[in-house]
Amino acid sequence: MILLTRRATFSASHFYWNPAWTQERNEAVFGKCANRNSHGHNYTLEVTVTGAIDPVTGFVVDLKWLKDLMELKVLSVYDHRHLNHEVPEFANTIPTTENIAIAIWNRLEAPVAAAGTSKLSRIRVYETSDIFAEYRGEAAE
């Protein structure tokens with residue numbers, strides 16, 4: 001078994017807000033991130049797949065196919081978007097780095113599995129160079 005990781009970047013804006021809370025509580029819990037005018041990040045996404053190496057191609061997965069899948073399912077939807085307002089997963093979910101990682105997993109897990117040669121192993125989303133969230137699926141929780 002081998003792990004193979006592909007990295008990509010996207011830029012997006014967001015804010016943290018729980019509609020069940022008062023403005024005061026949102027500001028106390030989320031600080032500057034509760035500013036509904038939002039702020040943005042240049043995110044780094046790492047998608048890791050695992051599987052056996054194909055003896056004919058030497059690949060776990062075709063990296064061009066994985067790049068295209070990431071573009072179709074994630075980057076075209078998230079890049080240069082306001083996550084709270086433009087990305088369906090965050091209509092009722094706070095777009096924290098943790099929730100972004102889970103949402104990306106949910107977008108990629110089935111197509112990677114359907115390709116038949118590998119499975120999704122890990123999603124890592126860097127909000128900054130020193131803050132990231134990693135999700136390995138529910139079975140790993």
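Mentor: Start with Ser 13, which stands opposite His 82 in β3. Keep in mind that this is a predicted model.

Trainee: Why are β3 and β5 said to stand at the edges?

Mentor: The order in the open sheet of five strands is β3-β1-β2-β4-β5. β3 (81–82) and β5 each have a single partner strand, so one side of each lacks a neighbour in the sheet.

Trainee: What makes α4 a helix that packs on the sheet?

Mentor: Contact means heavy atoms within 4.5 Å, and α4 touches β1, β2, β4 and β5. The direction of α4 makes about 150° with that of β4. α2 lies across β1, β2 and β3, at about 20° to β1.

Trainee: How are α2 and α4 placed against each other?

Mentor: Their axes are 11 Å apart, at an angle of about 145°, and the crossing is right-handed. Residues in the contact include Trp 65 and Leu 69 of α2, and Ile 100 and Ile 104 of α4. By class, the contact has twelve nonpolar residues, no polar ones and two charged.

Trainee: Why is the largest nonpolar core called a core?

Mentor: The term requires buried residues of set nonpolar types, joined through side-chain atoms within 4.5 Å, and buried means under 20% relative accessible area. This set has 31 residues, and Phe 10, Leu 45, Tyr 78, Ile 100, Ile 104 and Ile 123 touch the most other members. A second, separate core of five residues includes Tyr 16 and Trp 17.

Terms used. Residues are numbered from 1 along each chain as its sequence is written. This is a predicted model: local features need pLDDT of at least 70, side-chain atom pairs count only at pLDDT 80 or more; totals for chains, interfaces and linings use all residues. Side-chain values use heavy atoms; hydrogens and water are left out. Buried means under 20% relative accessible area, exposed over 50%, partly exposed in between (1.4 Å probe, protein chains only). Axes are lines fitted to C-alpha atoms, for helices over the stretch in contact, and angles run from 0 to 180 degrees between N-to-C directions. Helices (H or I, at least four residues) and strands (E, at least two) are DSSP runs, numbered from the N terminus. A crossing is left-handed if the near helix is turned anticlockwise from the far one by less than a right angle, and right-handed if clockwise. Ala, Val, Leu, Ile, Met, Phe, Trp, Tyr, Cys and Pro count as nonpolar, Asp, Glu, Lys and Arg as charged, and the others, Gly among them, as polar. Two strands pair if DSSP finds at least two bridges between them.
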